[in-house]
Amino acid sequence: MQGGVVLERSLTLAVPEKTYVQVWSPNHKTTPVTRDGMQVWTWTSSQTKASARDENGKMTAAEVKDPDEDADGRKLPSVAWTTFHSWAEVGDWYRSLAEQRLQPTASVRAKADELTKNAKTPQEQAEALYRFVATQIRYISLSFGVGRFQPHTPDEVLDHGYGDCKDKDTLLESLLRAKGMTTAPVLIGAGIAPVTDVPSPAVFNHAITTVELPDAAGKPERVWLDSTAEVAPFRVLMPVIRDQQALVIPDKAPAEMEKTPANPPYAYHEDFVAEGTLDSGGLLKSHMVLTARSDNELELRSMMQRLSPAQWDDAMQYLSGAMGFGGKVSGTDMRQTDAAAPVKISYDYSREKYAGWENNQSLPLFPAVELTLVSEEKAPEHDIDLGAPRTVEAHSTMALPAGYRAELPDAVHVAREFATYDKTYRFVDGRIIADRKLVVKVHKLPRDRWKDYLAFQKATLVNDGEPYLRLIPPDHLTINKEGAKIASTTPAKDTTPAAEPSNPSDTRQQLVEITAMLQRRDIGGARSRLEALRKSSPDAPYVLGMLGVVKATDGDLDSGARDVEAEMKAHPDDDPWMVLGLAQEYSNKQRFSDAEGLLNTYGGGSERVQQMRVYVFDKQGDYTHALGVLRDLQARQPEDRAVASQVATTLYELHRNEEAAMAAKKAMDGSDDPDVINNNVYVLSETKIDLPFAETQSRRSVDLLERATASHVLEEANTKAFAESANLTASWDTLGYILLLESKPKEAEPYLRAAWFSQQNVIVGNHLAQAFESLDRNADALWMYRLAKQAEHAADAKQDFAEVAAAIARLEKAGVKAASGEHFATSMQDFRSYHVKNGAGAEGGGTVRLQLNADGIAAAMLVSGDAKLKPLLDEAKSLHLPGAEPAGSSARVLRDAVVYCGKKSSTCDLVFMLNSGIAVEGASE
């Protein structure tokens with residue numbers, strides 16, 4: 001009746017007055033009365049409010065909260081009574097039923113000798129006897145009459161080949177005693193919470209075994225065994241009877257309540273290894289191996305015990321689906337050659353269009369994470385059960401189609417005293433290698449720690465699911481002698497013919513494919529596909545607008561504008577990204593009124609649109625209106641540090657230096673984001689207000705980024721890692737510039753030199769040349785000014801470009817001769833170019849990812865190109881790169897380079913790319 005309406009219910013217990021009885025009902029108080037020679041207890045209760053039911057008709061947990069349960073949520077009796085005085089008395093009762101039957105008979109002794117003939121130690125003997133009873137004597141529950149409490153004789157159990165838990169315990173103990181070992185039966189409640197204050201056999205529903213075996217020091221140690229489970233390895237108890245109160249009944253000592261072991265006898269470990277290959281059509285073929293020494297092992301053994309080999313694939317298909325894999329299973333092997341070893345299952349797995357292939361996405365071959373989850377809404381009612389302490393690992397290797405690369409998710413590392421979770425991704429030799437490791441350190445966590453556990457749960461990102469890997473198709477960018485120069489600056493346009501649509505009727509899929517073409521800079525191919533799609537699907541959302549943006553990018557601005565405006569009129573609920581793209585193209589062509597009109601008509605007031613308005617105003621130098629938009633955004637998002645930083649920068653552009661400095665300080669106050677700090681410190685440096693404070697904050701930004709980059713692993717690098725390297729070089733420039741303003745050119749030079757090495761733009765070059773001048777190294781300064789003037793897009797930075805041109809004229813007029821020689825390149829191309837020995841006779845070209853440190857190149861990997869180029873990586877590590885990083889820096893900056901080896905050439909060209917990152921690494925021969 002739990003959850004239903006009950007007006008009144010009552011329970012009466014009547015016991016003869018002179019009979020001993022112990023009554024227990026702590027949550028339901030009552031006082032016994034004596035009448036007619038009987039002790040009488042009466043309990044009454046009611047429930048007048050019905051519980052709510054969920055959509056499945058089940059009582060909701062909040063409404064059916066039971067006061068009679070233990071800390072783990074197990075049901076306790078509302079009322080309990082017993083005529084036993086103590087647990088020792090309960091033990092005496094069971095001993096009277098079982099002890100005589102535990103004594104070994106002649107047939108039992110003979111069987112024990114047979115089973116242990118190859119065992120050399122008591123441990124081996126006990127294990128052999130346990131394995132026989134566990135696996136060869138079938139468990140059948142027999143609970144009739146006295147058989148509910150009294151076991152059969154061991155001879156009967158041997159003869160029948162089956163028995164219940166008491167029977168199996170009796171046989172096992174008899175066999176162990178036949179070999180001279182000391183044993184004791186144990187009564188325990190499987191899934192039942194015993195009331196320790198009320199000694200009674202009624203709380204027990206299971207019997208197991210203990211035996212004394214010598215430990216490592218030769219002293220007797222109690223070992224707990226449960227032969228009923230049949231599949232449990234020696235000494236392993238099922239989870240439901242671990243860390244539970246049980247009654248141990250020795251033959252010559254009083255019975256006592258003791259706790260069973262809380263943990264298994266050895267460390268639990270699971271390992272899942274998958275090795276697969278993804279072909280050019282998205283077909284995944286893989287081989288998977290699952291190894292389990294854990295509670296899952298017990299479930300797997302129980303399942304396999306009932307299967308024939310013909311059923312293995314079907315069973316593994318079900319398990320594979322439960323692990324999160326929806327493909328086809330074949331070739332399953334569940335043979336177990338060693339009963340004492342962990343369970344090992346291997347199988348083949350395949351799936352068409354694996355994991356988002358059509359959208360250039362994929363996933364590592366990870367099974368679902370078995371991690372206890374708690375609600376964010378309220379504290380759990382009981383302690384958080386994390387399961388047995390264990391280590392669970394998954395290792396996935398997936399070979400991509402030739403030429404494919406991948407944008408990797410961020411690594412995850414979370415450590416708490418109760419659990420750790422680590423997940424990493426690497427891209428090596430065309431393979432995505434992913435590793436995941438969960439270590440559970442405790443069985444239970446107190447419920448009052450649920451917020452700590454929730455924070456751990458969120459940090460692991462398990463709630464969000466496994467993030468997709470972005471697959472990057474081949475760029476088909478050729479590297480030759482001249483191509484090395486091209487690729488080192490702006491990647492060349494993809495001239496590969498446009499791919500045929502995978503499914504012409506699927507407009508959405510075609511737009512995804514066209515987006516991938518645009519990412520490869522194939523503007524012409526994308527335009528052709530869009531024009532064809534417009535004819536076949538003229539009314540489909542986004543097609544006309546996307547075509548318009550592509551036209552505008554391709555130089556056909558007015559025609560593109562008409563298409564975008566037609567799109568927005570036909571589909572006013574479309575995402576405004578097309579409007580933003582066209583507004584940017586208008587601004588780039590200095591058609592600012594057209595950009596503003598477009599945004600006013602179709603843009604709306606979203607943050608993205610407002611930010612585009614700021615961009616348009618900035619491009620035309622209208623900082624007053626830009627500030628107005630930013631102030632409006634700041635009022636809406638007062639905690640947004642990015643907007644606050646923009647406000648500071650715009651105030652500086654308006655020459656409101658005092659306000660700019662105050663805004664910059666406020667924007668970075670309390671922030672540990674190095675990008676936020678550096679952006680605002682740069683504003684402070686330009687205002688020249690409070691330079692000591694600016695220097696302190698700049699050093700903090702540098703320190704944060706140096707530590708971040710020091711933790712990067714070359715094969716794990718993704719867009720975020722490259723961005724941190726770029727931010728670090730920008731922070732070096734900021735710090736160097738501040739030191740220069742503080743008249744500390746000697747301190748400034750190493751930071752500015754390192755910034756220039758990785759970020760060759762006219763602003764950094766101007767700062768470095770000024771440092772040389774301050775050190776009276778005018779020849780070096782003139783060389784640097786000239787080089788900086790050659791930097792890509794140098795003229796776009798109008799103020800610095802003008803300062804550089806003026807400095808060159810000033811120094812030349814003064815008769816200064818620019819520094820020259822081996823270490824003074826006269827062109828940007830030469831500055832980024834190095835020669836490496838070609839001892840292996842490699843030919844052709846490719847892309848190389850490098851990791852720099854204070855000594856030069858710390859690590860290198862081949863991203864694209866023939867494997868014969870790999871020997872060049874070790875040669876590259878021997879290159880001397882003076883000034884690449886400040887002396888003593890712990891940073892490991894990521895850079896990309898192209899390498900080219902001519903036919904029979906003794907040296908190869910290694911040219912650092914001007915722009916580094918995942919997007920430019922696709923060059924191949």
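Trainee: Which residues of helix 23 are buried?

Mentor: Happy to start there, with a note that this is a predicted model, where local features need pLDDT of at least 70, side-chain atom pairs count only at pLDDT 80 or more, and totals for chains, interfaces and linings use all residues. Residues are numbered from 1 along each chain as its sequence is written, and side-chain values use heavy atoms, with hydrogens and water left out. Buried means under 20% relative accessible area, exposed over 50%, and partly exposed in between (1.4 Å probe, protein chains only). By that rule the buried residues of helix 23 are Pro745, Ala748, Glu749, Tyr751, Leu752, Ala754, Ala755, Trp756, Phe757 and Ser758.

Trainee: How far apart are the end C-alpha atoms of helix 23?

Mentor: Helices (H or I, at least four residues) and strands (E, at least two) are DSSP runs, numbered from the N terminus. The expected span of a helix is 1.5 Å times one less than its number of residues. Helix 23 covers residues 745–758, so its 14 residues should span 20 Å. The model agrees, with the end C-alpha atoms apart by 20 Å.

Trainee: Is Thr397 buried or exposed?

Mentor: Thr397 is found in strand 19, residues 390–399. Leaving out residues up to four places away in sequence, Thr397 has contacts (heavy atoms within 4.5 Å) with Ala274, Glu275, Gly276, Leu365, Arg431, Ile432 and Ile433. Its relative accessibility is 18%, so Thr397 counts as buried.

Trainee: What is the relative accessibility of His655?

Mentor: Look in the loop between helix 18 and helix 19 (657–668), where His655 lies. Its phi is positive, near 65 degrees, in a residue other than glycine. His655 counts as exposed, because its relative accessibility is 69%.

Trainee: Which residues lie nearest the centre of the largest pocket?

Mentor: On a 1 Å grid over the protein atoms alone, a pocket is an open set of points where a 1.4 Å probe fits, with protein on both sides within 12 Å along at least five of seven lines; lining residues have an atom within 4 Å of a point. The largest pocket is lined by 39 residues. Elements that give two or more residues to this lining include helix 14 (577–588) and helix 26 (798–813). Nearest the centre lie Glu653, Ile763, Asp796, Ala797 and Asp800.

Trainee: Where does Arg235 lie?

Mentor: Arg235 is not a glycine, yet has a positive phi of about 75 degrees. Its relative accessible area is 27%, so Arg235 is partly exposed. Its place is the loop between strand 10 (220–225) and strand 11 (245–248).
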